[in-house]
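Please examine the fold as a whole before turning to individual side chains. The explanation below moves from overall dimensions to charged pairs.

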Amino acid sequence: MIRNRLSTRTLGALSAATVLAVGLTACSSGADSASGTDDAASADPADVSGDITLLTPIFEGTAGQKLLEDELLPQFYEDYPDVTVAVDYTTYGNLNEKLTTAAVSGAVPDVMLMGVGWIEGFAERGLLADQSDLGYTEEKLLDTYTEEIAGAGTWDGGVYAVPIMLDTRFGVANMDMLNEAGYDAPPSSWDELVEIAEATTVRDDKGTLETAGFDMLSLDARQAFETMMFSSGASLFNDDYTEAAFNSPEGVSALQLMTDLVNEYEVEDIGYSSPDEAVNPLLNGRAAMGIAHNNLWTQGLEAAPEMLEKLEPFVIQGEAPGMFFGGTLATRSATSKSPEAAQALLEFLASPGPALAANEQRGNVPALTELLDSEYVEANRFVQFAMENLEVAQREGGPPEWLEVRGDFAPAVESALLEQKTPQEALDDLAGLVQTAIDR
């Protein structure tokens, strides 16, 4: 049975694991932490106190607020009775402005949840605390997260964030449509992707597109390009994040493929779909394949549950496996007046029980690999697929200037899709903008 919410019994059982996890680093009495220190990281919970603030873009809406305030925080208070938490709810659209304003005013929240790719910029500005100061080391992160996911929370040798949830992008195929076209499996190469996309594209007698063979336009153009770029074997930046690398021959080949799929192979038309589409084309039969977010499963449960058994996720395979991940991480203010209380809340939110509850509420992918066997993951085939393939997933971001330039990617990709520029010109011009930001 597919459940929409964690049962009280399940949440309670997971909370026991939560208490253990938090105890390892933030509240164990006399035990060594992962880094071998025995300072604030091993403080008795009874000695931890303070009034702290939490800034969060997740737990949105009535259901999210109820989960946080009525279920999760009361569990936290059981272990930390002398800590109080004031919650500031926001959206990802407003988060950057809120954080920037907080940095200028000096009123930085004690605990902040922010996205993959955001950590580097705010850590460089001194906004975030190095959590290894209280025992949360990179070595400890690698015990429970894949290397790429752990890396999303580190910068310049320090640990500045702990992952809570991921949102991934990968290929999805409607196997009924593929079977009708004579294919029994999703594509395993770019050549096969083009072949199957052409075979499953349907147009009427006037040439009007009725079924897209491969939908890329329902996704943000930046994320669609990055997913295809990762499958080319290219990277966004060089190893030390000092130069753009997405305009390499491999990166250009990925954007060229996207451009050809629209303009040469004509498997999708500009305007056929968009990220604002009410129902994803994979759910209403208007696409045979596409790049999709893992929450397509949750959307399908609400909009078209009968379609879910037809949909098969796949890693887009070129010179390398291509899967994108973003996500939400927990950070602590470098200026918190109650760092032990802030660290305790951070680790509580990132621990198995609360993290799983937050992921289930949003239909996202738990960052903790140990949750692969949880009831929620086993009931959600797309989340399960994402977790089974996290080792090949790659993230965006890297340099501290990422937040300044991420908005330039979509227009650059769109200029190539519209044939206003060649893929090489589009990516070279974008690389110039990015390089200017890095060198500034």
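This is a predicted model: local features need pLDDT of at least 70, side-chain atom pairs count only at pLDDT 80 or more; totals for chains, interfaces and linings use all residues.

Residues are numbered from 1 along each chain as its sequence is written, and side-chain values use heavy atoms, with hydrogens and water left out.

The protein contains 18 helices and 14 strands, these being DSSP runs numbered from the N terminus (helices: H or I, at least four residues; strands: E, at least two). Its radius of gyration is 22 Å, close to the 22 Å that the globule rule gives for 440 residues, so the protein is as compact as a globular protein of that length. The radius is taken over C-alpha atoms, and the rule is 2.2 Å times the number of residues to the power 0.38. Along the principal axes, the C-alpha atoms fill a box of roughly 75 × 55 × 35 Å.

Of the 440 residues, 56% count as buried; buried means under 20% relative accessible area, exposed over 50%, and partly exposed in between (1.4 Å probe, protein chains only). Among contacts with a separation of 6 or more, 73% are between residues 24 or more positions apart, a contact meaning heavy atoms within 4.5 Å.

The accessible surface comes to about 17,700 Å², and carbon and sulfur atoms account for 46% of this area (Shrake-Rupley method, 1.4 Å probe). The protein carries 21 positive and 75 negative charges, whose mean positions are 7 Å apart. Lys and Arg count as positive and Asp and Glu as negative, without His and the chain ends; each charge is placed at NZ of Lys, CZ of Arg, CG of Asp or CD of Glu.

Side chains of opposite charge can pair when their charged atoms come close. The structure holds 15 salt bridges, each a side-chain nitrogen of Lys or Arg within 4 Å of a carboxyl oxygen of Asp or Glu. One of them joins Glu 148 and Arg 395, with the closest N and O atoms 3.8 Å apart. Because Glu 148 lies in helix H6 (residues 147-151) and Arg 395 in strand E14 (residues 393-395), this pair ties together parts that are 247 residues apart in sequence. Glu 148 is partly exposed at 32% relative accessible area, whereas Arg 395 is buried at 11%.

A salt bridge also links Arg 203 and Asp 269 (2.7 Å, N to O). Arg 203 lies in strand E7 (residues 202-203) and Asp 269 in the loop between helix H10 (249-263) and strand E9 (289-293), so parts 66 residues apart in sequence are tied together.
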